[in-house]
Amino acid sequence: MVVYKNMPHMGFVSELTVGGAVYHDANKARDLWIAPVAIVLQIAAALVALGWARRLSSVPRFDTFAEYAPSHAVLVAVLVLLLSLAAIAGDLVPLAILILLGLGVVLLRAGFGIAWTAPFGLVFSLSALFAWGCNQFGILDVRLLLSAAYLPLCLAALVLRGRTRLLRAAYGLTGLALAGATARAAPVLWMPTSAYAGPTVIDAVIWIAAAGVAVQTLMFLRSPAGKSFSRTPAFPLAAAFLLLAVFRQSPFGLPFDDYHYGERLLAARALWEGRLFETFFSPHGFSDALGGLGALLIGDRSAIGVAIGKIYADVFILLILAWQMVRQLGPAPAILLLVALQPNLIFPVPLVVLMIVAILRSATPRNDYAAGAAIALAAATTIFLLNGIGVAIAVPSALAALFLFRDGTRRGLVRACCAGAICALALFAAFPRAFLGEIAFLATSARTNAVLYGNNFVVRASDLASLVEIGTALMFLLTPMLAFALLVRPGQSRGHSWTWIGLAVLPVVALVLLLAPYALGRLDVSLPRASFATAVTLVFLAFWITAPQIRDRFLSPGAPRTGFVQAGIAALLLVTALPTFLHVWASVPLMPPPAPLGALPPAPLPAMGMAQADRAHLDLIASVKRTTDALLRPDETYLDLTNRNALYFYLDRAIPVPISGAYNAAPRAFQELNLAYLAANPPPLALVGAENFEHDGYTLPLRSFLLYRDLLERYRPFLAGSILYGIRSDQTDRLTALPAAARRPVTSVTCHSGTAIAGDTTWSLRVQEPLAGRLVPGDFLNFYDGVARTVVAVHGEMVRLTPPLPPDVSGARLPFKTEAPATGRDDADLWAQVFNVCDFGRLPSAWGRSLAKLSGAVGATRFPLPQAGMTDATRAGDGRYRIVGRQPGFLYDVPAGLNPAQNGLLVLEVRCAVKRRMPHIEIAWRGAGQGFSAERSVWFAASFPVNLVPLDAAPRWFLAPSIAQIRITVEPPADCGGLILRDVALTGRL
């Protein structure tokens with residue numbers, strides 16, 4: 001961790017839970033200050049630039065800065081593309097296609113002057129048809145096809161620029177071909193749960209869209225604009241883009257990710273039952289249920305029906321968005337921006353942008369009351385669809401919509417605001433439980449996200465490639481300056497008051513500030529989230545500065561109307577330099593004819609539908625089904641603690657709690673809500689260990705302790721095959737219905753650690769006794785990177801592994817687990833197979849530095865532990881020790897009668913005498929008559945002197961009848977300079 005001498009650590013925790021920032025004790029709040037600081041610096045730079053511009057009386061006067069920008073901004077965009085994509089992409093095909101697109105724009109702009117949009121529309125439509133047609137006859141890479149077709153067609157259009165009739169004829173044929181290609185996407189063929197019943201509502205929508213392409217093409221050719229071929233209509237061009245953007249989804253398959261895909265399935269079922277945000281909360285809002293809406297339209301409520309419904313929901317969202325973007329921005333800039341807005345499992349970029357457009361469009365009604373109601377309705381819909389992200393975009397978009405109000409008078413704004421308030425109250429009256437549930441969910445998740453997530457990625461840049469990657473991801477921070485530059489003109493004239501410019505920039509600033517916590521507040525996969533924020537803010541800016549109200553207010557009379565638009569769009573070409581997670585078209589993105597009926601293998605459960613799936617995944621689901629069917633009545637359900645949300649849907653069992661995923665129930669308020677439901681109707685069975693989805697390795701005891709405690713207190717563990725369950729203590733007689741052959745021997749999972757050997761190609765790891773004497777070739781060591789490595793050779797403390805350890809961990813201490821047949825078969829042994837945590841990382845330090853904020857979660861009563869002995873250390877004063885061996889160890893007696901389950905937090909101060917040196921600590925414990933062992937121990941890194949160690953997260957502590965002694969072993973760095981260890985005590989949770 002990077003330590004700053006003059007910058008205080010601001011990563012405090014207010015709940016006893018774990019997330020990326022908490023586990024790494026990250027200084028997360030520092031990065032959240034980047035956005036406001038960047039905006040302040042931009043304002044200062046703008047003021048300096050304006051002062052400098054006023055002095056240049058000899059400089060030719062432009063109507064706006066925008067009249068000068070286009071010719072240079074395109075070249076800047078191409079240079080940024082070359083630098084960023086060459087540094088981070090590795091794949092030169094996206095680079096090639098983007099450069100060709102940029103060159104094509106430059107050529108067309110130079111060749112046609114202002115009237116360049118129509119030829120671009122024709123060229124792109126022909127290129128899309130060429131790529132689509134080739135793909136129908138083989139699996140080809142659409143990016144290569146588009147690259148091959150695009151530039152020659154640009155040159156051909158330049159040659160034919162004076163032949164309007166020929167261009168019109170080519171466009172007419174192209175538009176009709178586009179209509180045919182669009183119609184070719186229907187009917188949707190799949191294997192439904194019942195017999196195929198013919199065309200569906202989705203098929204009808206596709207055919208209507210195809211007819212719309214044909215009709216608009218023919219109407220355009222008869223219009224004055226079509227006869228002069230000065231522009232192209234928007235809808236056919238949107239359909240051309242859609243041919244390239246729709247991902248290939250045939251034959252349809254079920255994802256293995258039961259966590260994220262399960263969220264969609266459960267949201268769909270809650271929508272069908274009318275329970276969404278009443279008794280079931282979806283972490284991503286109503287957008288998770290769009291697949292369920294599509295499933296209704298095709299008449300298939302199975303999992304594969306939801307998958308197909310989601311695919312076509314994304315298709316229609318992208319089509320509407322492309323249509324609106326082409327209408328307002330023009331063909332070339334709209335297509336270049338749409339490239340970066342592909343759908344993603346986690347980031348619904350097209351839907352987010354579409355809701356921004358919907359709110360901005362809501363300001364267009366001529367009636368004040370209608371405009372206010374439309375803005376309120378669009379904003380509320382956005383929040384319900386997208387939850388926290390919805391709030392971040394709805395607030396600035398609503399501000400922008402009010403600014404775009406048709407007359408801007410005070411009376412009109414008051415009328416609009418009153419109508420919006422009445423509309424909001426009407427929505428609340430119609431859906432009170434959903435409104436209250438949404439508000440409660442947002443309030444709780446917002447507070448907790450500020451605790452769980454954080455970042456250090458801004459200071460991780462170590463070379464040019466990482467600097468470019470971070471810089472392009474953080475481009476959203478520069479949009480206020482870009483908006484200011486496009487709105488300000490040297491030598492302000494009428495209509496350009498500073499008040500109006502400030503108000504015009506305000507929505508952009510608000511959007512940046514509200515998206516900053518999401519973009520900069522995630523330690524895990526931070527750069528994609530920052531890139532998502534960049535895409536959203538730049539497209540927002542594009543619609544904002546090209547709105548007719550903005551254009552008319554900030555352009556002086558007589559200025560070319562296209563110059564302002566082109567300037568903003570030329571600058572927005574930079575969005576294509578986003579990191580490569582926003583794919584520039586997939587390798588096989590077209591949608592060819594689906595597989596014929598009967599070609600898909602049957603699934604084992606009706607709720608899954610008929611689809612291809614991973615065999616091991618199906619076997620796991622079938623195993624869980626056999627156990628639940630044997631132990632539960634048809635009207636009963638189970639509690640899932642594996643984060644496999646989809647199993648509720650596949651097994652057709654009710655969800656017993658409002659927050660289905662234990663991982664999402666990290667906030668104490670969510671855990672208490674789930675426990676209230678469980679207390680009212682406790683499930684007889686719990687699914688505890690089934691290849692759990694534990695993001696970043698955060699197990700249930702660390703993430704959602706209250707659920708873990710309730711499980712251990714009310715359920716007894718048992719194994720069925722390789723899957724761990726819990727049966728309610730008063731229902732253990734049901735286990736007689738389970739075949740004995742379904743059980744397997746119990747294994748004991750033990751935590752260990754070793755030091756990676758730096759600069760040695762022979763040996764991989766140095767381990768310590770007693771493990772060193774027990775390892776033999778052929779043993780497996782399960783490391784935290786998810787790789788099970790095999791012991792190849794052992795010599796004393798030296799171990800050689802295959803596959804080898806990565807070179808970047810040389811010299812680091814690495815935790816790993818071993819498995820062996822258990823000597824006993826008690827509950828703790830069984831629970832430990834799933835919940836045994838070897839390494840707490842820096843979590844105890846993150847909690848320790850936040851003890852003042854955790855006063856409501858940590859007990860005030862502490863039980864000091866008297867020291868009973870030490871090894872490899874000598875006392876040097878009050879709590880100070882000299883290190884005289886390799887691993888100083890300290891024994892502490894635990895007071896008799898202390899309940900381990902109620903006093904499972906160990907508080908201690910430990911640090912090196914030399915500042916900024918971080919010792920590693922092992923905490924081991926034993927009961928009366930037991931010895932210390934690796935299976936009853938945990939490790940952590942002390943990045944802060946005060947530490948709070950959750951020993952109760954280990955089942956062998958929580959279920960122990962008593963604890964006799966605790967041993968603290970310190971692994972100090974070479975330059976530790978002595979050790980400080982004091983104030984060792986046990987306390988409990990509140």
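Visitor: Exposed means over 50% relative accessible area, and buried means under 20%. By that rule, is E691 buried or exposed?

Guide: In this predicted model, E691 has a relative accessible area of 59%, so E691 is exposed.

Visitor: Where is the place of E691?

Guide: You'll find E691 in the loop between β2 and α29 (700-703). The backbone there is worth a look too: phi of E691 is near 50°, a positive value although the residue is not glycine.

Visitor: What about D652, which also has a positive phi?

Guide: D652 takes a phi of about 55°, and D652 is not a glycine either. This residue belongs to the loop between α27 and α28. Its relative accessibility is 58%, so D652 counts as exposed.

Visitor: And which residue takes a positive phi just after α13?

Guide: That would be G299, with phi about 75°.

Visitor: While we're there, which residues of α13 are buried?

Guide: In α13, which covers residues 290-298, the buried ones are L290, G291, G292, G294, A295 and I298. Their cover includes α9 (201-222), α12 (260-273), α14 (303-329), α16 (349-361) and α17.

Visitor: Let's follow α17. How do the axes of α17 and α18 cross?

Guide: Helix α17 (residues 368-403) and helix α18 (residues 410-430) have axes that come within 7 Å and cross at roughly 55°. Because of that angle, α17 is oblique to α18. The crossing of α17 past α18 is right-handed.

Visitor: Which residues make the contact?

Guide: From α17 you have D368, Y369, G372, A373, A376, L377, A380 and L402, and from α18 there are G412, L413, R415, A416, A419, G420, C423 and L427. Sorted by class, the residues of this contact are 11 nonpolar, 3 polar and 2 charged.

Visitor: Now α8 and α9: roughly parallel or roughly antiparallel?

Guide: The axes of α8 (residues 164-183) and α9 come within 7 Å and cross at roughly 170°. The two helices are therefore roughly antiparallel to each other.

Visitor: Which residues in α8 meet α9?

Guide: R168, Y171, G172, G175, L176, L178, A179, T182 and A183 do, and their partners in α9 are I206, W207, A210, V213, A214, T217, L218, F220 and L221. By class, this contact of α8 with α9 has 13 nonpolar, 4 polar and 1 charged residues.

Visitor: Change of topic: how many helices and strands are in the protein?

Guide: The protein has 33 helices and 21 strands. It has 990 residues, and 57% of them count as buried.

Visitor: How many residues of α31 are buried?

Guide: Helix α31 (residues 827-835) is mostly covered, with 9 of its 9 residues buried. Among them are D827, W831 and Q833.

Visitor: And α26, which residues are buried there?

Guide: For α26 the list is H617, L618, L620, I621, S623, V624, T627, T628 and L631. They pack against β1 (638-640), α27 (646-650), β2 (685-689), β3 (715-720) and β4 (723-728).

Visitor: How many residues does α26 have, and what does it reach end to end?

Guide: Helix α26 (residues 615-631) has 17 residues and reaches 25 Å from its first C-alpha to its last, close to the 24 Å expected.

Visitor: What is A857 in contact with, leaving aside its neighbours within four places in sequence?

Guide: A857 touches L16, G988, R989 and L990. A857 and E15 are 842 residues apart in sequence, yet their C-alpha atoms are 6.9 Å apart. The residue belongs to the loop between α32 (843-848) and β11 (863-864). With a relative accessible area of 12%, A857 is buried.

Visitor: Last one: which peptide bond is cis?

Guide: The bond from T802 to P803 is cis, with omega near -5°. P803 is in the loop between β9 and β10.

Note on methods:
Residues are numbered from 1 along each chain as its sequence is written. This is a predicted model: local features need pLDDT of at least 70, side-chain atom pairs count only at pLDDT 80 or more; totals for chains, interfaces and linings use all residues. Side-chain values use heavy atoms; hydrogens and water are left out. Helices (H or I, at least four residues) and strands (E, at least two) are DSSP runs, numbered from the N terminus. The expected span of a helix is 1.5 Å times one less than its number of residues. Buried means under 20% relative accessible area, exposed over 50%, partly exposed in between (1.4 Å probe, protein chains only). Contact means heavy atoms within 4.5 Å. Axes are lines fitted to C-alpha atoms, for helices over the stretch in contact, and angles run from 0 to 180 degrees between N-to-C directions. Angles under 35 degrees count as roughly parallel, over 145 as roughly antiparallel, 65 to 115 as roughly perpendicular and the rest as oblique. A crossing is left-handed if the near helix is turned anticlockwise from the far one by less than a right angle, and right-handed if clockwise. Ala, Val, Leu, Ile, Met, Phe, Trp, Tyr, Cys and Pro count as nonpolar, Asp, Glu, Lys and Arg as charged, and the others, Gly among them, as polar.
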